[in-house]
Amino acid sequence: MVQLMSLDVNGRAAPVSVDDPDTPLLYVLRDDLGLHGPRFGCGLGQCGACTVHVDGQAVRSCITPVSSLKAGAKIVTLEGLGSLDKPHPVQAAFIAEQAAQCGYCINGMIMQSAALLNETPKPNETAIRQALAQNLCRCGTHQRIVRAVQRAAGTL
Amino acid sequence: MTAPALSRRSLLLQGGALVVGFSLSDRGASAQTFAPVATNGFAKPVAPDRVDSFLALGADGHATIFSGKVDLGTGVETALTQIAAEELDLPLDRVTVVQGDTALTPDQGPTYGSLSIQKGGVEIRQAAATARARLVQMASERLGVPADELVSENGTVRPKAGGQGLSYADLVKEGRLDLKVDPAVKTKDPAQFALVGKPVARVDIPEKMTGRFTYMQDYRVPGMVHARVVRPPTIGADLQGVDEASVADIPGLIKVVRQGNFLAIVTEKEWAAVKAAKQLRATWSEWEGLPEQGKLWQHVRATKVTKDDVTSSTGDAEAALGQAARKLEATYDFAIHTHGSIGPSCAIAELKDGFLTCWTASQMTHALRKQLAAMTGLAPEAVRCIYVEGSGCYGRNGHEDAAGDAALLARAVGRPVRVQWSRADEHGWDPKGPPTLIDLKAGLDPQGNVTAWSSQFHIPEGAAGNVPLVAASLADLPHETTMAPGNIIGNSALPYAFPNVRTVCHRLASTPFRPSWIRTPGRMQNTYANEAFLDECAAAAGADPLEYRLRALKDPRGIEVLKRVAELAMWQARPSPVKDAAGDVLRGRGISYVKYELNRTYVAGVAEVEVNRSTGQVRVPRFFVVQDCGQIINPDGVRNQLDGNVIQTVSRVLLEEVTFDRGAVTSLDWSSYPILTFPDVPEVVIDLIDRPTEKPWGAGEPSAAIVPAAVSNAVFDATGVRVRSVPFTPAKVKAALQGA
């Protein structure tokens, strides 16, 4: 049964038709709205590659059924956080620190860090490592990622 | 869908003397199977001995480099840009790299072994230098000025004395650089380098940080449909029946594809395929062909040996062992590992008018093309593989297999098919780093010096090559039947000058899982055993582990990395273990060294560890590494790779082990195959030795080779207990501590 929904994605109304209420938000964002920021990594909420903000909170979109979103929930993806011309301070810090290798996990790193800095503007290194403990990186870029978050927080 | 990441490329490719006949600006919409790859009427050559196989100069003053080596997330796109721009005397922003397209790029071999710069970059450098020399010669003829009185800079050749010059675009005009690459061409004097050796920012990072980059997993083509594979529940199970009615309610179901034991679901929308793959009922035969995991090493030892590779033989090791004042003997083992890419493998294939196009994150598109041709029965000329960067692979993961799946499915449904593997597909079915078992013996003289060394490595047969595609195997289509674990005998021989040495690799007829190379294949396991066992010799001799290595090392570059790392880590000269260790958390340090494959990059490292005596948990808070890879192209890129190789290997050594029952892999997600996370990631402290006048060597995987032994040696230093089995899990360490 196809259901028409209007999502609020990156500050714009995004009408989507969903034929299965179980469809995770990730698939709607990627396949219906053509966004590249949120990434498929595990589909189990284990790695963090799919992280988006829902009403300012970092959420794993791969295990968030689209039907579970509250009406009017504001969804922000990596694209909505900032752009090449106007990167968000966390994105700018990741670029300055060259904090990526393959970069596949980085969406989650940036979205999780941006949510952290919203709540805790000046986290210490331990708090940053703890906040990112559920975000996996296989290339081993962790050290640069932590430095980038410190840079964004102005504590480097 | 436009990928801004690529729009820059379209600019570079418009107009000019050598123009690729289709736009790369809109790759998402360019299912232009075999669009004319022509350039002013010339076909784009790909022969590896032609200059215009490697580069094109556009009328807009830009150069396009065609690289058979691809960026797997290691930053080589940027480094290759630096090399080409340097040699062509162009600014960086006027050079772009097209990677791994079998119709456009020369076959420079697979992207493995830390060879992208050492081999791929050097070939591009020679092509660019040949082109530049030709441009100067053309300018000399046009200007009537001797070539040695001309200078090239900023895309122009002009008289050194001043006066009007000619741009490259002016010089090439409607022609082409129809030249042979001159391998003896004079390349730029490193003293003149303006770009090589500089920490240039990576070209791909801004797009990756803002969600504007198109990974393979993001790639879409018009008319495309989605597929999920349904793998057998056990590796050798036969498909006995499929109940298609079980997925009849799936919206947009296109087809349940069954061919032999290959089973997949194709649907209009992606989520429907995910759901259907879970829902599909199929019956499979029982299969229990794997060894018991608890008896893996007995199994390896009992596996038939097909041949012995004697990788070094000096003096008479057996006789010297018999005469030694003191003898040591130990066995080391190293678990089965998976690549663990964060993004599971993905590919798209389209079969149209008898031509197969495959978009793939393969590290070896030219080899994959041949595999897909063999599998489908098409001529290789009717297959085109186009590289699109995916999640990092660290070797031969599942990218090529996903391409095989997509090719089979594209033929089955007659539409472009995108195959996205699940997490369990990747962990369960990507090829594995094989289990490695190593027996070592050493004899010491009364002063503790090694007089005899004998080692035996129990490792699968085979070398690098094509790993058979899962789809071809399951569907019983033509495929390779030999194993390709990579060049895993490397670094079984020693970099030290001992008088009597014999190192032998017993090559095994089989190994439990389809093997492939995973970062530093064999060289990591072999260096681990060699450098840890050498530490056992040093401890037996009561010697400082650094001093002990320097005694037997003659190579000045090797000596330098060891001395530099000792300085960096503030190494205290003393024998291991630490005396009078007290408290619950014991601390120690360990050193390790490699000359990679005994013919290139030198690396030395020091691990600092903390061992919790009551839990057995090992932490590596800090790791020091010094590398000499000859000429450095991009020091920031090298540092990034060293961080990655050290951290990933600490993860492998402390945590990682593929688990399995008698039928299949059971570690199918990140909770059953955990990797190192932020709280436990070491600080990596790096010192680079740059030698601009030397050859550039591999800068990535060599550093992974030294990590396991450095950690093992540090655990011994802290506790007096030797851990000889990777991973160094709390259970193993605790048992060793209790046994001590």
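1. In which sense do strand E3 and strand E4 of chain A pair, and over how many bridges? In this predicted model, strand E3 (residues 51–54) and strand E4 (residues 57–60) of chain A pair in the antiparallel sense, over 4 bridges.

2. Within this pairing, Val52(A) is found opposite Val59(A) of E4(A). The hairpin formed by E3(A) and E4(A) has 2 residues between its strands, and Asp55(A) adopts a positive phi near 50° there.

3. Chain B contains an open sheet of 7 strands with mixed pairing. The strand order in chain B is E11-E12-E9-E19-E16-E17-E18. At the edges are strand E11 (253–259) and strand E18 (383–387) of chain B, each of which pairs on one side only. From one strand to the next, the twist averages 20°.

4. Val257(B) has Ala264(B), in E12(B), as its bridge partner.

5. Two helices of chain B deserve attention alongside this sheet. Helix H10 (residues 365–376) of chain B packs on the sheet and touches strand E17 (355–360) and E18 of chain B. The direction of H10 makes about 145° with that of E18(B).

6. Helix H11 (residues 399–413) of chain B also packs on the sheet. The strands of chain B that H11 touches are strand E9 (225–229), E11, E12, strand E16 (346–352), E17 and strand E19 (417–420). The direction of H11 makes about 35° with that of E16(B).

Technical notes
Residues are numbered from 1 along each chain as its sequence is written. Chains are lettered from A and ligands numbered from 1 in the order in which they are written. This is a predicted model: local features need pLDDT of at least 70, side-chain atom pairs count only at pLDDT 80 or more; totals for chains, interfaces and linings use all residues. Side-chain values use heavy atoms; hydrogens and water are left out. Two strands pair if DSSP finds at least two bridges between them. Axes are lines fitted to C-alpha atoms, for helices over the stretch in contact, and angles run from 0 to 180 degrees between N-to-C directions. Contact means heavy atoms within 4.5 Å.
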